[in-house]
Amino acid sequence: MRMLVVLGVLAGALSSLVNGAVVVTNVKVRVMERTGDKIFEQSVEQPNTLESVPKVKASTPLVVTFSAQDQEGKALRLDQAMVNLQHTETKAELALAARAVTEGSYKMDITRKDFRRHFAAAPGQYHVALVLGSFKNGGAEFEVGNIEMAGGNKTQRPTSVTYGPKSEIHHRFSEPQQMPNIIVSLTFTALTVAPLVVLLQTWTGLGVNINGLRREMAGSVVFMALIAAYMGLAVAYWVGLKLFPTLAYALALALPTYLAGQHALSKRIESKT
Amino acid sequence: MRLGALLRTWLAFSSICLPSASARSVTGDRLLVLVPAVEAAIHDYSIFLDSLKRRGFEVSIRDAANSSIVLHIDGDRLYDHVALLAPAAKRFGAALSIHDFIHFVNTGGNMIVAASAALSDFHRRLAAQFGVEFDKHGTAVIDHSHYLSSKVSSNHTIVAASRLSHIPAVLSPPLLADEHPTIYFEGIAHNYDSQIPLLAPLLTGSRSTYSGSSVAVDRPSLKSTQAQLSGRSLGLVSIFQSRSNARVVFSGSSALFSDALVGAEHSTNGLFINDISQWAFQEKSVLREVDHRHRLASAAPSSLQPDHYRVSNVINYEIDLSVYYENKWHPYIADDVQFEATMLDPYLRLTLNRTQVPKSATVATYHGDIKLPDRYGTFTFSVNYKRAGFSSINVHDTVAIWPLRHDEYPRFLSAAYPYYAGSFVMVAGFLALCAAWLWNTGPTSKSSKPKSS
């Protein structure tokens with residue numbers, strides 16, 4: 001239901017304008033249902049403002065009525081009759097013209113359509129003031145008070161670019177992989193090493209020995225050392241050595257290993273025959 | 001009285017001349033001033049024009065209709081700055097078009113465009129290209145509460161404006177510190193598009209300022225609830241900085257620059273036009289990037305910039321910034337210089353820290369130790385610095401972030417101990433087998449003795 005908010009200010013006492021010769025009287029704020037029932041009504045007398053903050057819904061426009069006179073009490077024809085509404089948070093200002101109803105009497109009323117256009121996207125508390133002026137009599141400002149424009153949804157202005165620091169962005173790094181407990185790793189390591197131990201024990205039991213080492217020391221030890229060096233080279237590659245240096249070292253070890261192997265194996269065959 | 005008036009004029013003259021005596025523009029000194037009539041302009045704007053000459057500009061004052069005026073020859077600008085002080089001129093030069101002026105700005109030229117209530121359509125269309133919409137013909141800025149009340153008949157149209165936007169890059173400290181500056185303005189209002197970040201209002205109307213007809217009989221009866229161009233939405237002077245860092249100032253009043261208003265009672269016009277002309281002609285608030293570099297944080301400061309980085313590397317990024325004012329470059333001091341690492345979307349945006357600036361330095365260095373994202377790809381390292389009134393800085397480098405090499409992943413994990421042990425066991429077993437084969441000797445005595453029959 002459309003409700004007309006009629007904001008008229010009836011002033012019992014006449015309030016004088018701040019400066020110049022413009023005197024504002026009969027300032028009235030009224031909120032009414034369309035049926036005529038009054039929801040809110042208040043008069044404003046300078047230097048006071050509205051005693052309470054009337055809540056104006058989306059369907060309840062605002063009407064301000066007032067009278068303007070010169071200092072002699074004669075009705076004044078204003079060249080500037082505006083109702084200034086300033087959002088108390090954003091400081092956005094809007095000035096709406098008041099029309100002359102009769103000589104010296106003015107009214108500003110916001111229809112539902114105007115309310116939707118100006119206030120639906122920017123609800124909140126507004127400070128209302130009358131800003132009046134005349135070429136003959138100068139200017140004047142009259143503080144009315146605060147009103148609450150409610151019922152709309154604050155809308156974000158579409159992608160407005162503002163120059164200034166932007167919010168910081170911190171990259172969220174991947175969580176390191178969860179590792180099993182080290183006790184589990186050590187247990188399986190022991191299980192992995194166990195067969196080697198069993199093998200060596202079994203060989204010892206079977207009489208496998210290295211008694212021949214004393215007979216053929218030089219050649220076979222060198223050969224074994226070079227084979228161990230190849231194993232070491234593989235470990236070094238795993239730890240950090242790059243591929244091509246590894247291949248170079250392997251190539252360097254190849255000839256000595258071949259010659260040592262030839263010597264050791266031929267000695268071995270000779271010792272068997 | 002006469003002595004008082006002379007003293008006020010001298011103070012206004014000195015406020016516009018003395019602080020700016022040594023300011024030189026970064027972009028050049030060739031200034032073209034277009035006026036309705038040269039002789040009258042030299043008289044009406046003598047304080048402003050003399051201050052420009054004292055600041056080192058080569059001022060060429062020409063009639064707006066002078067057919068020899070051109071802005072470019074063979075693609076090169078003939079002037080570095082243009083001041084249009086002929087608001088009623090319907091054309092400039094022989095055939096200068098709006099496109100010529102826009103091209104002038106696009107090629108780095110700076111402008112001051114002054115209007116008045118008798119604004120021509122040429123100016124309207126020119127201003128519209130920058131998002132500035134001047135009010136209708138026949139309107140003027142009016143304020144029945146704050147106006148110049150002197151022997152100069154104003155009809156409330158010489159308003160005393162005081163609502164300045166807080167833009168330290170444009171306005172000098174004395175003007176910012178003044179709680180109630182008095183800037184006399186006689187001209188036309190404009191609407192500015194607040195959605196355009198390149199455009200900013202500098203001087204707007206106070207609550208009682210509005211745009212209307214100054215002649216009562218011409219005043220149309222307004223419909224109630226019709227929104228009025230007034231207050232904060234009423235632009236008096238606006239600034240525009242293009243993406244090429246060229247600057248344009250739109251003033252709804254050419255009288256703002258006149259001797260009459262500069263020398264008026266309590267006027268701060270002198271200080272104001274000094275500030276806006278210094279800003280417009282790039283004598284201050286010009287930022288530049290001197291150098292920037294990045295390297296691995298673990299590398300020596302003198303090391304070369306690498307071709308690429310690896311994921312999660314920690315890098316050190318530095319950028320040197322300077323700002324120009326008072327005729328020389330100074331270190332630019334700020335706490336909001338931000339670094340961005342972007343690959344389609346920004347992955348990182350961090351505020352850089354400022355290194356201690358030595359007294360004699362002309363640059364301020366901003367640095368940051370930054371851990372790169374754990375994503376590989378082609379990133380852009382950028383510093384995109386845009387602030388109201390300052391030149392914009394946009395520095396970017398394209399950098400490759402590579403994935404880790406096979407041997408750069410976390411290694412020797414506790415979960416892999418069994419596998420390491422397995423490999424070593426195999427190596428040890430192989431060596432044991434070799435040793436056994438080479439050095440094993442058969443069983444002695446009992447088994448080798450033949451059996452006796």
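**A charged pair and its surroundings**

Guide: The side chains of B:Glu318 and B:Arg293 meet in a salt bridge, with N and O 3.0 Å apart (a salt bridge is a side-chain nitrogen of Lys or Arg within 4 Å of a carboxyl oxygen of Asp or Glu). This pair links distant parts of the chain, for B:Glu318 lies in strand β19 (residues 314-325) of chain B and B:Arg293 in strand β17 (residues 286-296) of chain B, 25 residues apart (helices, H or I of at least four residues, and strands, E of at least two, are DSSP runs numbered from the N terminus). The two residues also belong to one network, in which salt bridges that share partners join B:Asp291, B:Arg293, B:Glu318 and B:Asp320. B:Arg293 is partly exposed, with a relative accessible area of 27% (buried means under 20%, exposed over 50% and partly exposed in between, with a 1.4 Å probe and protein chains only).

This is a predicted model, in which local features need pLDDT of at least 70 and side-chain atom pairs count only at pLDDT 80 or more, while totals for chains, interfaces and linings use all residues. Residues are numbered from 1 along each chain as its sequence is written, chains are lettered from A and ligands numbered from 1 in the order in which they are written, and side-chain values use heavy atoms, with hydrogens and water left out.

The structure holds 17 salt bridges over all chains. One of them pairs B:Asp275 with B:Lys284, N to O 3.6 Å. B:Asp275 is buried at 2% relative accessible area, and B:Lys284 is likewise buried at 10%. Another joins B:Asp29 to B:Arg24, with N and O 2.4 Å apart. Here B:Asp29 counts as buried at 17%, whereas B:Arg24 is partly exposed at 35%.

Charged pairs also occur between the chains, where the rule finds three salt bridges across the interface of chain B and chain A. One of these is formed by B:Arg207 and A:Glu141, whose closest N and O atoms are 2.7 Å apart. On chain B, the elements β14 (209-213), β21 (338-343), β22 (345-351) and α9 (417-439) each supply at least two residues of the side that touches chain A. The largest share of that side, 20 residues, comes from α9(B). In total, 75 residues of chain B are in contact with 80 residues of chain A (contact means heavy atoms within 4.5 Å). The two chains bury about 6,600 Å² between them, 61% of it on carbon and sulfur atoms (buried area is the accessible area, with a 1.4 Å probe, that two parts lose on being put together, summed over both).

B:Phe130 lies in the loop between α5 (121-128) and β7 (132-134) of chain B and B:Phe240 in strand β15 (residues 235-241) of chain B, so the pair ties together parts 110 residues apart in sequence. Both B:Phe130 and B:Phe240 are buried. Ring pairs also link A:Trp238 with B:Phe412, B:Tyr417, B:Tyr420 and B:Phe424 in a cluster.

How values were computed
Phe/Tyr/Trp six-rings, centres within 6.5 Å; stacked < 30°, edge-to-face > 60°.
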